[in-house]
Amino acid sequence: KTNEKMKVRIPAGINEGEAIRLSGKGHAGVKGFPAGDLLLRIRVKKNEEFVRKGYDIFTDVNISVRQAILGDKITVETVSGEVTLKIPEGTQSNTVFKLKGKGVPKLRGGGVGDHFVNVKVNIPKNISRSTKKILEELDI
């Protein structure tokens, strides 16, 4: 019995509960038989920003009322890096945008999942008198 330190390659896209087999790294064989296999059961650490469902990622992004009304370009963090997302004019709160191919890579090839961005419009709780007057004049 010994302890052995080894590096193990964890493939991108592996799911919670899946296993990686390390051949010949298990218990020693009996009477000259080869050593058994070591199975590593994977636990995926939760992320506060991203929610994973299968190979798809879901996030919420807050935008201002001005951005929702006039449209804008925002930066969205994905598992593969930052992406620019175009917010069209008149975007409503809880509109979901799909970033195709920006999710989790699928094991054994087969493409990449998608990233879904749920846009939430921040409505200010306190506004100045001048802002209130402008909004009333605009009649929105």
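Biologist: In which strand is I74 found?

Modeller: In this predicted model, I74 is found in strand β5, which covers residues 72-78.

Biologist: Why is I74 called buried?

Modeller: Its relative accessibility is 9%. Buried means under 20%, so I74 counts as buried.

Biologist: Which residues is I74 in contact with, leaving aside neighbours within four places in sequence?

Modeller: I74 is in contact with V61, I63, Q67, V83, T84, L85 and I87. A contact needs heavy atoms within 4.5 Å.

Biologist: What separates I74 from K46?

Modeller: Along the chain they are 28 residues apart, and their C-alpha atoms are separated by 25 Å.

Biologist: Which residues of the largest nonpolar core touch the most other members?

Modeller: That core has 13 residues, and those with the most contacts to other members are I63, I74, V76, L85, I87 and V117. At least two residues of this core come from each of β4 (56-64), β5, β6 (81-87), β7 and β8.

Biologist: What does the second core include?

Modeller: This separate core has five residues, including I14, L22, I42 and L107.

Biologist: Which residues does V117 contact, apart from neighbours within four places in sequence?

Modeller: V117 is in contact with T59, V61, V76, L85, T95, V96, F97 and L99.

Biologist: How do you know that N118 is buried?

Modeller: N118 lies in strand β8, residues 115-122. The cut-off for buried is under 20% relative accessible area; N118 has 15%, so N118 counts as buried.

Biologist: What makes the pair N118 and N94 a polar contact?

Modeller: The two side chains make this contact at 3.4 Å. The limit for a pair of N or O atoms is within 3.5 Å, and one atom must be able to donate a hydrogen while the other accepts it. N94 is also among the residues that N118 touches beyond four places in sequence, together with T59, D60, V61, T95 and V96.

Biologist: How do you know that β7 and β8 pair?

Modeller: Pairing takes at least two bridges. Five bridges join β7 to β8, and these strands run antiparallel.

Biologist: What is the order of the strands in the open sheet?

Modeller: The four strands follow the order β3-β4-β8-β7, with mixed pairing.

Biologist: What makes β3 and β7 edge strands?

Modeller: Both β3 (51-53) and β7 (95-99) pair on one side only. From one strand to the next, the twist averages 30 degrees.

Methods: Residues are numbered from 1 along each chain as its sequence is written. This is a predicted model: local features need pLDDT of at least 70, side-chain atom pairs count only at pLDDT 80 or more; totals for chains, interfaces and linings use all residues. Side-chain values use heavy atoms; hydrogens and water are left out. Buried means under 20% relative accessible area, exposed over 50%, partly exposed in between (1.4 Å probe, protein chains only). Axes are lines fitted to C-alpha atoms, for helices over the stretch in contact, and angles run from 0 to 180 degrees between N-to-C directions. A nonpolar core is a set of buried Ala, Val, Leu, Ile, Met, Phe, Trp, Tyr and Cys residues joined through side-chain atoms within 4.5 Å.
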